[in-house]
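Subject: Structure for you to look at

Hi there,

Here is the structure I promised to pass on. Please open it first, and then read my notes below.

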Amino acid sequence: MQFVLACVSCSSLIRWKTRFVVRINDGPALPWVIMLRQHEIEIRVRYQETDAQGRVHHANYFNYFEMGRIELLRAAGLSYREIEQQGWMLVVSNIQCRYFRPANYDDIITLTTTTTRAKGARIEHAYRITCDGELLAEGSSQIACVDQDGNVCRLPEQLQVIDT
């Protein structure tokens, strides 16, 4: 896993790789923010996600992408629930998927979710779905940050990633 540690007040930057997840976003007084850049999960294809041929229905890939975004946040010590309780909503403004090979019922697929940009009012992600090392699909999304009235607003500091 690669983390970026950024000082919000002076924009200093430290980059490191680790297998451990550290949570340091416990309060607004802390000037340091960690945003996890990449996270990987395994998903077993369930029967209800397949079509009559036993292959994953194309629409379910977008559900997998959402699972990846949620788990990436959770691995960084955040949750959608906490973000929404603070008054921010993260809504999909653009999403796409390109399919290469099918996934089948009971396959164990690996989803890699990467934050490619998180700045201003949006977060951009890239996704790769593989099975036994073979690329099945890849996609991307753009997530907009809005307030409870639906007005676009800047991302909270703990969700911003410094471009390096």
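Is Cys131 buried or exposed? Cys131 is buried, at a relative accessible area of 10%; here, buried means under 20% relative accessible area, exposed over 50%, and partly exposed in between, with a 1.4 Å probe and protein chains only.

Before the rest, a word on the source. This is a predicted model, in which local features need pLDDT of at least 70 and side-chain atom pairs count only at pLDDT 80 or more, while totals for chains, interfaces and linings use all residues. Residues are numbered from 1 along each chain as its sequence is written, and side-chain values use heavy atoms, with hydrogens and water left out.

On the cysteines: the structure holds 0 disulfides, a disulfide being a pair of cysteine sulfur atoms within 2.5 Å.

Next, helix 1. Helices (H or I, at least four residues) and strands (E, at least two) are DSSP runs, numbered from the N terminus. Helix 1 covers residues 60–75, 16 residues in total, and reaches 22 Å from its first C-alpha to its last. That is close to the expected 22 Å, which is 1.5 Å times one less than the number of residues. Its buried residues include Tyr61, Phe65, Arg69 and Leu72. Just after helix 1, Gly77 takes a positive phi of about 90°.

Arg69 deserves a look of its own. Arg69 is buried yet has no salt bridge, and Glu66, the nearest side chain of opposite charge, is 4.5 Å away. A salt bridge is a side-chain nitrogen of Lys or Arg within 4 Å of a carboxyl oxygen of Asp or Glu; for charge, Lys and Arg count as positive and Asp and Glu as negative, with His and the chain ends not counted. Not counting residues up to four places away in sequence, Arg69 touches Tyr80, His125 and Tyr127, among others; contact means heavy atoms within 4.5 Å.

Tyr80 lies in helix 2 (residues 80–85) and counts as buried at 18% relative accessibility. Beyond four places in sequence, Tyr80 touches Arg69, Ile70, Leu73 and Leu90.

Lastly, Thr110 sits in strand 6 (residues 108–119) and is buried at 16%. Leaving aside neighbours within four places in sequence, the contacts of Thr110 include Glu40, Ile41 and Arg128.

Best wishes
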